[in-house]
Amino acid sequence: MNSQIEQVKRLAGEIDGWLSDAEGELLYKLAKNVPKGQAIVEIGSWKGKSTVWLAKGTEAGQKNKVYAIDPHRGSGAHVSEGEEDTYPTFLVSLSKAGVINRVVPLVMTSSEAAQYWQGSVGLLWIDGSHEYEHVKRDFLLWKQYLLPGSMVALHDCDKKEYPGPARVAEEYLVNSDEFVITHHVDTILTATKRR
Ligand SMILES: C[S@@+](CC[C@H](N)C(=O)[O-])C[C@H]1O[C@@H](n2cnc3c(N)ncnc32)[C@H](O)[C@@H]1O
């Protein structure tokens, strides 16, 4: 096993979150392969677990920026338990992993960030709100910035408790002339935009 990936596994393992090691490794490899000058956009960072995998991946590749979009007001399940601002913990995660300069935090919703966005996206990672309408909105708002050959990755595509991501994947990726499915690792489904 690649020792770099083992090191990221250890760092990411110290951060709360739902991402499996296999899913993290997939994000690392996708980020590593993004061509130079293309942005990596993350919708839903929470405490930074997937952000660290993405940032370490591009560090090993073309050293692109990871734009980490999250209003940091707490994730759905945790707000009811009193969770408030996740931004300080997110920053600590980036700092401990040594990737603070690789990541541009956008502390806002995906819709707000899309209003100001300019430039192309080489990898779009969607792990925000899992409601169908929200996943669909995130995908449709951001897919316009994907270049031919760019990747999109959706989390939680086969969790029964969250039918939203699976339905979006089915409607917009699986049954699509625009995208080709490329990976299915644990609950992540990825697709490439056709050239
Ligand atoms: C499942 S967590 C993300 C987990 C993270 N990717 C990880 O690896 O641990 C979902 C996150 O999405 C964020 N979120 C919810 N709605 C959002 C939106 N409209 N735009 C961006 N982020 C959003 C929440 O604040 C929460 O932190």
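Q: What makes Tyr 28, Val 52, Trp 53 and Lys 56 contacts of Val 8 in this predicted model?
A: Two residues are in contact if their C-beta atoms lie within 7 Å. Val 8 touches Tyr 28, Val 52, Trp 53 and Lys 56, where residues up to four places away in sequence are not counted. Val 8 itself is found in helix H1, residues 3–13.

Q: Why is Val 8 called buried?
A: A residue is buried if 20 or more other C-beta atoms lie within 10 Å of its own. Val 8 has 25 C-beta neighbours inside 10 Å, and therefore counts as buried.

Q: Why is strand S1 described as largely enclosed by the rest of the structure?
A: Five of the five residues of S1 are buried, so the strand is largely enclosed. Ala 39, Val 41 and Ile 43 point one way from S1, while Ile 40 and Glu 42 point the other way.

Q: What makes S1 and S2 paired strands?
A: Two strands pair if at least two bridges are found between them. Four bridges join S1 (residues 39–43) to S2, and the two strands run parallel. Val 41 stands opposite Tyr 67 in S2, and Ile 43 stands opposite Ile 69 in S2.

Q: Which other strand is joined to S1, and by how many bridges?
A: Strand S4, residues 121–126, is joined to S1 by five bridges, and the two run parallel. Glu 42 stands opposite Trp 125 in S4.

Q: How do you know that S2 pairs with S3?
A: At least two bridges are needed for a pair. S2 and strand S3 (residues 103–106) have four bridges, in the parallel sense. Val 66 stands opposite Val 103 in S3. In S2 (residues 66–69), Val 66 and Ala 68 point one way and Tyr 67 and Ile 69 the other way, and all are buried.

Q: Why is the β-α-β unit of S1, H3 and S2 called right-handed?
A: A crossover is right-handed if, with the strands pointing away from the viewer, the path from the first strand over the helix to the second runs clockwise. The unit made by S1, H3 and S2 is right-handed.

Q: What makes the phi of Trp 46 worth noting?
A: Most residues other than glycine have a negative phi. Trp 46 has a positive phi of about 50° although it is not a glycine. Trp 46 is found in the loop between S1 and H3.

Q: Why does Trp 46 count as buried?
A: The cut-off is 20 or more other C-beta atoms within 10 Å. Trp 46 has 25 C-beta neighbours inside 10 Å, and so counts as buried.

Q: Which residues are closest to the ligand, and how many surround it?
A: The ligand is surrounded by 21 residues, of which the closest are Gly 17, Gly 44, Trp 46, Ser 50 and Gly 128. The shell divides into six nonpolar, 10 polar and five charged residues.

Q: What makes S6 and S7 a hairpin?
A: S6 and S7 pair in the antiparallel sense over six bridges, and two residues lie between them in the hairpin. Phe 179 has Lys 193 in S7 as its bridge partner. Asp 186, in the turn, has a positive phi of about 50°.

Q: Why is Ser 176 called partly exposed?
A: Ser 176 has 15 other C-beta atoms within 10 Å, so it is partly exposed. Ser 176 is found in the loop between helix H8 (163–174) and strand S6 (179–185).

Q: How do you know that the radius of gyration agrees with that of a compact globule?
A: With 195 residues, a compact globule would have a radius of gyration near 16 Å; the protein has 15 Å, which agrees. The C-alpha trace spans about 40 × 40 × 35 Å along its principal axes. The protein holds eight helices and seven strands, and 46% of its 195 residues are buried.

Terms used. Residues are numbered from 1 along each chain as its sequence is written. This is a predicted model: local features need pLDDT of at least 70, side-chain atom pairs count only at pLDDT 80 or more; totals for chains, interfaces and linings use all residues. A residue is near a molecule or strand if its C-beta atom, placed from the backbone, lies within 6 Å of it. Ala, Val, Leu, Ile, Met, Phe, Trp, Tyr, Cys and Pro count as nonpolar, Asp, Glu, Lys and Arg as charged, and the others, Gly among them, as polar. A residue is buried if 20 or more other C-beta atoms lie within 10 Å of its own, exposed if 12 or fewer, and partly exposed in between; C-beta atoms are placed from the backbone. The radius of gyration is taken over C-alpha atoms; the globule rule is 2.2 Å times the number of residues to the power 0.38.
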